[in-house]
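Subject: Structure handover

Hello,

Here is the structure you were to receive. My notes on it follow below.

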Amino acid sequence: LFSTIFTRNTINSNIFLNFCKILLVKKLMENNNKFDKVIVDNKIIKNILIKFYSKTEFIVNKNTEQNINTYIFCIFQFLRRFLQLIAARITYQKSNHLSAEDITMVDTYVLPKFYCKDRYYTEFYKYIDNNLMNKIFFVPTITYTPIRKGYNVIGNILNVYKELRNCKRNFIIKEDYIKIKDIFYSVLYPLRIKRIKLKKVEFEDINFTLLFNNELHVNSLSNLSIESWINYLFIRNISNKIKIKKFINWWENQQVDKAYNLAISKYFPNTKVLGYLGYSPRNFELHIKPIEIDTQSKTTPIEICVISDKIKSIINEKNNKIIVKNAPAFRYSYLNNFKNKEISKIKKILVTLPINKIDSIFIIKKIISLIENNINYSVIIKPHPTMNNNQFLEYYNIKNIHFTTEPLINLFKQSDLTITSMSITAIESLYLNIPVIICETYSILDFNPIPSNIKDTISEYNKFNEDIIFSIKNIEKKFLKIRKNKRMNSFFNIPNSMNVSNFFK
């Protein structure tokens, strides 16, 4: 249940992409296309195809081969989880003990610069009274955080727990309720799952069993799978200690979400569960479309809250048993205080980079080429908040290009155009009447963040090998034609006292 096969997440797993590649070769061969050589990503694809096309030479691209030692992975995960447990024990005080009953428990994530500062339910406290505030407890999952800095073995993670303990928000720390045996059981998950062998998976007369077994075993070596078991065991361990009236799951239908929902359904059967999709999903995020087995297995909530009417149909596309409701768009509440821009000519460009390094550098190189040939543009580049900015140091001294970590609201005020790839900042930009260019990148699947049911937006799609200047010229022409029309300013459900109170009560 906590595997990537079950989540269908195309961003964290290539199984869907590899499945499509195998079918593509089959279709091409059936249409009398003869190939002497075919380059494939891994031995699994080669072994599946060679049974059908023995006369074709299949060459494995070694650069894409994965080779992770299961035992080393488990040892590393144990050390990390154990050090987190030690840090939680050192910082624990009796005053941290939870005494409230009938609480609303809220699943969230914390990361550098966003430990006490909330990145997921931004400024929710402005809309509720103290009585409700005292009933809300956040359960943080610590991400993108090194255990140590330099030679300090545990100092960094220790400071994170200290900061969480002293926040004004109410936190329930998972490690306060996790035991050493729970960590052992969680980190040994990859070894347990290796014993599972799928018997036969067939489609269009092709045996895909090798592909699915490989996915089951290789992608079980993930932090998400281990964290899923931690989540499940945490809920089990508090079942006789805490009364939960409502559980709000930051829902992306990933392994960690499935673990929470399965555990709540088993150990807190009378608790109301809400899934909260706090962003606008991108194209080909297949896991965001629950299927019937998600409901049957109780790993997906019956009720899912979304931040826009435009998203509702996406959730119900494969499963009409899911109840989809509107909820506040917490992360985008700042947009309501921003006056829509009037742009006559594009001069200042904001570039918001995606979460992966390869695509980020690809976009940066496109921007460098633009600046070299068009000195009238100035560019601000904002890396993804989870990325280490040192990865881009070699590009820092290029004229008319400036890297920044400033808040988006400040950057939008300075910008006439946003360039991105799979970032939700595209929606934010359009909401503010700022045109957008979506760059096609190395990712084969189209992760365009602009929903297909958004019509007549001031956006352009820049193809992989296309000069970006052509897209800028096209967007200028389009913007002049439609800039007076009402476009995106009704997309987000802006928070207010009523919808925020109803959400948390």
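What is the order of the strands in the open sheet that holds β11 and β12? Please keep in mind that this is a predicted model. The order is β13-β12-β11-β14-β15-β16, six strands with parallel pairing. At the edges are β13 (401–403) and β16 (459–462), each of which pairs on one side only. On average, neighbouring strands in this sheet are turned by 20° against each other, direction ignored.

Within that sheet, β11 (residues 348–352) and β12 (residues 378–382) run parallel and are joined by five bridges. Ile 349 stands opposite Val 379 in β12. Helix α14 (residues 357–373) lies across β11, β12, β13, β14 (417–420), β15 (436–439) and β16. The helix runs at about 150° to β13.

There is also an open sheet with the strand order β4-β3-β7-β8-β9-β10, again six strands with parallel pairing. Its edges are β4 (136–142) and β10 (323–326); each has a single partner strand, so one side of each is left without a neighbour in the sheet.

- β7 (residues 244–250) pairs with β8 (residues 272–277) in the parallel sense over five bridges. Lys 246 has Lys 272 in β8 as its bridge partner.
- β9 (residues 303–306) runs parallel to β10, and four bridges join the two. The bridge partner of Cys 305 is Lys 325 in β10. From β9 the chain passes through helix α13 (residues 309–315) to β10, a β-α-β crossover that is right-handed.
- Helix α6 (residues 155–165) lies across β3 (103–110) and β4, and runs at about 170° to β4.

On helix packing, I looked at α7 (residues 180–187) and α10 (residues 223–238). Their axes come within 8 Å and cross at roughly 145°, and α7 passes α10 in a right-handed crossing. On the α7 side the contact is made by Asp 182, Tyr 185, Ser 186 and Val 187. On the α10 side it is made by Ile 226, Trp 229, Ile 230, Leu 233, Arg 236 and Asn 237. By class, this contact of α7 with α10 has six nonpolar, two polar and two charged residues.

How many disulfides does the structure hold? There is one, formed by Cys 116 and Cys 167, with their sulfur atoms 1.7 Å apart. The torsion about the S-S bond of this pair is about -95°, so the disulfide is left-handed. Cys 116 lies in the loop between β3 and α5 (130–133), and Cys 167 in the loop between α6 and α7, so the pair ties together parts that are 51 residues apart in sequence.

Lastly, two backbone entries. Arg 8 is not a glycine, yet has a positive phi of about 65°; this residue is found in the loop between α1 (4–7) and α2 (15–30). Glu 204, also not a glycine, has a positive phi of about 50° and is found in the loop between β5 (202–203) and β6 (206–207).

Regards

Technical notes
Residues numbered from 1 in each chain as written. Predicted model: local features only at pLDDT ≥ 70, side-chain atom pairs only at ≥ 80, totals over all residues. Heavy atoms only, no water. Axes fitted to C-alpha atoms, helices over the stretch in contact; angles between N-to-C directions. Left-handed = near helix turned anticlockwise from the far one by under 90°. Contact = heavy atoms within 4.5 Å. Nonpolar A, V, L, I, M, F, W, Y, C, P; charged D, E, K, R; others polar. Pairing = 2+ DSSP bridges. Right-handed = clockwise from strand over helix to strand, strands pointing away. Disulfide = S-S within 2.5 Å.
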